[in-house]
There are 2 protein chains.
Amino acid sequence: MQYRMSELFLRTLRENPADAEVASHSLLIRAGYLRRAASGGYTWLPLGLMVLQKVTEIVREEMNKAGFQEVHFPALLPREPYEATNRWTEYGPALFRLQDRRGADYLLAPTHEEMFTLLVKDLYSSYKDLPLSLYQIQTKYRDEARPRAGLLRGREFIMKDSYSFDLDDEGLVVSYQKHRDAYQKVFERLVIDYVIVSAQSGAMGGSASEEFLAPADAGEDTYVETEGGAANVEAIQIKPAQSISITDLPAAQVHDTPDTATIEALVNFCNQNESLKRSNQWTAADTLKNVLMRLVSQDGTTSVLAIGIPGDREVDMRRLEAAVYPEIVTPFTDEDFAKYPTLVKGYIGPDALGIKSKSKIEYLVDPRVVSGTSWITGANRTGKHVFGLVMGRDFNPDGQIDVADVRIGDECVVPAGKVIRLARGIEVGHIFQLGRKYAQALDLKVLNENGEQVVVTMGSYGIGVTRAVAVIAEQHHDERGLRWPRTVTPADVHLVIAGKDEALAIAANQLADQLNAQRLSVLIDDRVGVSVGVKFNDAELIGIPTVVVIGKKYAEGLVEVRDRFTGAVDDVLLSELVAKVKQLH
Amino acid sequence: MQYRMSELFLRTLRENPADAEVASHSLLIRAGYLRRAASGGYTWLPLGLMVLQKVTEIVREEMNKAGFQEVHFPALLPREPYEATNRWTEYGPALFRLQDRRGADYLLAPTHEEMFTLLVKDLYSSYKDLPLSLYQIQTKYRDEARPRAGLLRGREFIMKDSYSFDLDDEGLVVSYQKHRDAYQKVFERLVIDYVIVSAQSGAMGGSASEEFLAPADAGEDTYVETEGGAANVEAIQIKPAQSISITDLPAAQVHDTPDTATIEALVNFCNQNESLKRSNQWTAADTLKNVLMRLVSQDGTTSVLAIGIPGDREVDMRRLEAAVYPEIVTPFTDEDFAKYPTLVKGYIGPDALGIKSKSKIEYLVDPRVVSGTSWITGANRTGKHVFGLVMGRDFNPDGQIDVADVRIGDECVVPAGKVIRLARGIEVGHIFQLGRKYAQALDLKVLNENGEQVVVTMGSYGIGVTRAVAVIAEQHHDERGLRWPRTVTPADVHLVIAGKDEALAIAANQLADQLNAQRLSVLIDDRVGVSVGVKFNDAELIGIPTVVVIGKKYAEGLVEVRDRFTGAVDDVLLSELVAKVKQLH
């Protein structure tokens, strides 16, 4: 294919769009790949669509190679199947709902678990039909509260979603691994740098789930890297501290600590008060902070949870939400305090907590709070703290909860080892052992070898296809513009005619034909009345990996080849150019 | 590619689905190409998606060859642009409307004129940028009152919609012709039999518009074929009758005709009454029927229209609606009659009609009612008709209106000649010179060569992509199943293993590899425990054009080749098979 800048539907922009927060968004708009059409909705211009189609085709090829079969569902779906799994309600305001002319309820599907389950139920009925993996590449809708960052968080986007169907758990593990392998091939071909992170804490169901995160500052996901692997913050497990011998520990003592309702105030007071001072300074890590939360269960009933963590840590809300799922976390208000007279705000101590205490509030502590550890903590009286309160001697919580913020140096069990790095990433893929939830809700069963009806077990697997384009742009650009990997570039060669001489244009056209003959596509900058400087700037912005300049040295039989990645500029004999470019691919 | 029936996600059905009214719907479901997912929404199964992807690719290739550039818009769009052109309201209940979480109005786009207009306005500003043709292949939504016939009238469907942008009318004519040519190439490659019919009467704006109709009994469009071309009923123009000399015509006479408020009763009465009888029987064609309609204009004001047509014709509502567009036709009720004391229901005659009459009702007549023609018509008194009322002598209407039903033998001006055939067709393409309506409403202007701002003129062009799949199925099937043209078949060869001998399976796999090496795709029926008869039935139902049977004669080095179109069965040497199949493509 040949495309001509003189005809291509394209305008490059010098300025960043006002609403662009991240590089991929800004560059894709400026280089003429995308235009905003609606809040969270983008129009693909010709160059952008070429990239999107290449990305789509790579995803499709790898799915087909893995033996997964492609189907295609409508996006506009009736309410009933989503009612059966309760997702019509559970999905909340993120679901686009509408009515047809007869007043029947419809939705714009955010994912298709229900429909795939029903389709397989419709066609298949025997263990002989399994295993089966189906996928689609389809437009999805999600009414995001805050669409942002261009393609990274939109309201209309393209996903590849797959679903596997197996007779038993062993089968599911095999299907899961096949998808994992296929995803790795996809991201390698897309030249996306990624980490696979364990995505889900045991509390959420225990089945395996991993995310493919593309490290990028623009990412919304935080993940943790240890010597033994990576995980998102919801999925890591901190190594519990070793318990210490209680023998010989001094007895606990209550001291006056006026106006110390915060950890900071408490630590300052301890370090300044003559009777409390010690040779090495007290720190927040010496204190035990008790945090209260109200939990709302799915049936609407509420309960209170007290969390004891070292005072130098904070409760990480994402970790807490994952740990108590499906219960929802809400704040513990002054009104709530009023219901518990034994709780003294700012001075709550372990004595007032626990299911056996007067308050009957469940009390769970951080894995660093183990038997033999000694703490400064609230004495349940205003202006008083207790010093040297020893766990296992002076108090016994109801259990452990691992929801403190994660820091470099923390020891993890999952993934094993010390935390080396906290980083941000963009979720570009997600693989998930769903289990029997949807099959159960929608009654998908098959006959097994013994003629018994068994519920099928499923996996679900997603790749953000439009998002992948943004991720590639995010990972491959510099201050001058985009830099497309050869697998997804809109054209293989950007051919700049640098001069007004008619001979240059003729030579450029011949060269383009020769490149085409080798199945290399060419974008020719044949614009008249546009300076060479502007052409070069546009070429850098557009980001085709190989730029060939046909200009001054053409008389000597030479063209200039610029590598958009390395920045290298070489003079090449015109007669050798095609072979040289072909070598790169 | 190789697909195996033992693994393919497919179940063929023996019975027609209950809701299938047309062959394409029934066969696509039975052969495992499609499943119903919602009212007017279908899921594409693997075989169906292969056909859809081939059809899509042919459309895309021909658009690209013609120099049109592909873009892609969201389907979920904000209300504002559609408000600016009044389509938000005009589209009525066929538009899916919804609100996002903030209560902002959105729609699921049925077509994208507004968005394309705004996009071009956004990027382009000079005559140098034109001509331009853009297209997309995209999912569209229309809340059909009665979704029916499977893919033929759905609520979610794929269209290719193009839009051309030109500086002037001459440019538009060129762009229109380029699309017309490209469409012909598309339908030829899809092996769709089609007629191009003139689609729009002058009353709707006068600019050219043509439909590509695929003749099929299942079609919803009626069109007319004459010696000189084809048109849909809204677009044809009947040749007005020649006026006749008025001299020597007998004077008009009023007669008593009790209980003759219908044409049938009137004609019977005339033929039975001794004083009215004549040698050749009176027929309905001798009478002039006056039909009243109420018209509602866009601003809501109403007016009355009287239409005089020969009594053997009916007013064709589609022709009338097109003729009075944008006014809307509503019935003339008894309540309306009460407002016009000079109108006697069942006995209305020309005397009571016309803008100069007491009623002031505009009176238009059929092109067959010309000067010198003589009629039996209402005498404006109950139970009385006037005989021999001569147009041009006894009455003069306000003008002509061509809205009677069309019949074989009618003489047309557009398209010229006698009506040969009335037929039904499926609209599979539509090309339309839009003109400046959208550019005006959304202020799309460019600078011309003289530096003046001029409004751009546009064309819009559509192909029903999912519908085209149904049309191909509709035009290419027999009582045993589908018959895909080679350009769109899901696989090139259907290879049936007809026997349990292991050697047959091995040979089939080798053959499939050899066919693949020649870029021919193969569906292998490798099912174990399925009879040869069932395999043959499935092969005929699925409709791959070449069926190769590897069975009994394999020992002699022969395979059987069945042509799904001709029904021919040939024994072919295994060694010659690949070359022979390749020849067909």
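This is a predicted model: local features need pLDDT of at least 70, side-chain atom pairs count only at pLDDT 80 or more; totals for chains, interfaces and linings use all residues.
Biologist: What is the mean pLDDT of chain A?

Modeller: It is 93, and 99% of the residues of chain A reach 70 or more; pLDDT is the predictor's confidence in each residue, from 0 to 100. Watch residues 202–206 of chain A, though, where the pLDDT is below 50. That stretch has five contacts in the model beyond near neighbours in sequence, a contact being two residues whose C-beta atoms, placed from the backbone, lie within 7 Å.

Biologist: And the complex, what ipTM does it get?

Modeller: The predictor gives an ipTM of 0.87, along with a pTM of 0.88.

Biologist: How many residues of each chain are in the contact?

Modeller: Chain A gives 39 residues and chain B gives 39 residues. Elements giving two or more residues on the chain A side include helix 2 (46–65), helix 5 (113–123) and strand 8 (132–141). Helices (H or I, at least four residues) and strands (E, at least two) are DSSP runs, numbered from the N terminus.

Biologist: What's the class make-up of that side of chain A?

Modeller: There are 25 nonpolar, five polar and nine charged residues. Ala, Val, Leu, Ile, Met, Phe, Trp, Tyr, Cys and Pro count as nonpolar, Asp, Glu, Lys and Arg as charged, and the others, Gly among them, as polar.

Biologist: What rotation superposes chain A on chain B?

Modeller: A rotation of 180° does, with 0.0 Å of shift along its axis and an RMSD of 0.2 Å. That is the relation of a two-fold axis. In chain A, A:Leu98 has the C-alpha nearest the axis, 2.7 Å from it. Both copies use the same surface, as 100% of the contact residues of chain A recur in chain B.

Biologist: New topic: at what angle do helix 1 and helix 11 of chain A pack?

Modeller: Helix 1 (residues 23–30) and helix 11 (residues 465–475) of chain A pack at about 100°, with their axes 8 Å apart. That makes them roughly perpendicular, the word for angles of 65 to 115 degrees. Axes are lines fitted to C-alpha atoms, for helices over the stretch in contact, and angles run from 0 to 180 degrees between N-to-C directions.

Biologist: Which residues meet there?

Modeller: A:Ala23, A:Ser24, A:Leu27 and A:Leu28 of helix 1 meet A:Ala470, A:Ala473 and A:Glu474 of helix 11.

Biologist: Last one: where are the cis peptide bonds?

Modeller: One joins A:Val414 and A:Pro415, with omega about -15°, and another runs from B:Val414 to B:Pro415, with omega near -15°. A:Pro415 sits in the loop between strand 23 (411–414) and strand 24 (417–435) of chain A.

How values were computed:
Residues are numbered from 1 along each chain as its sequence is written. Chains are lettered from A and ligands numbered from 1 in the order in which they are written. Angles under 35 degrees count as roughly parallel, over 145 as roughly antiparallel, 65 to 115 as roughly perpendicular and the rest as oblique. Copies are superposed by least squares on the C-alpha atoms of residues with pLDDT of at least 70 in both.
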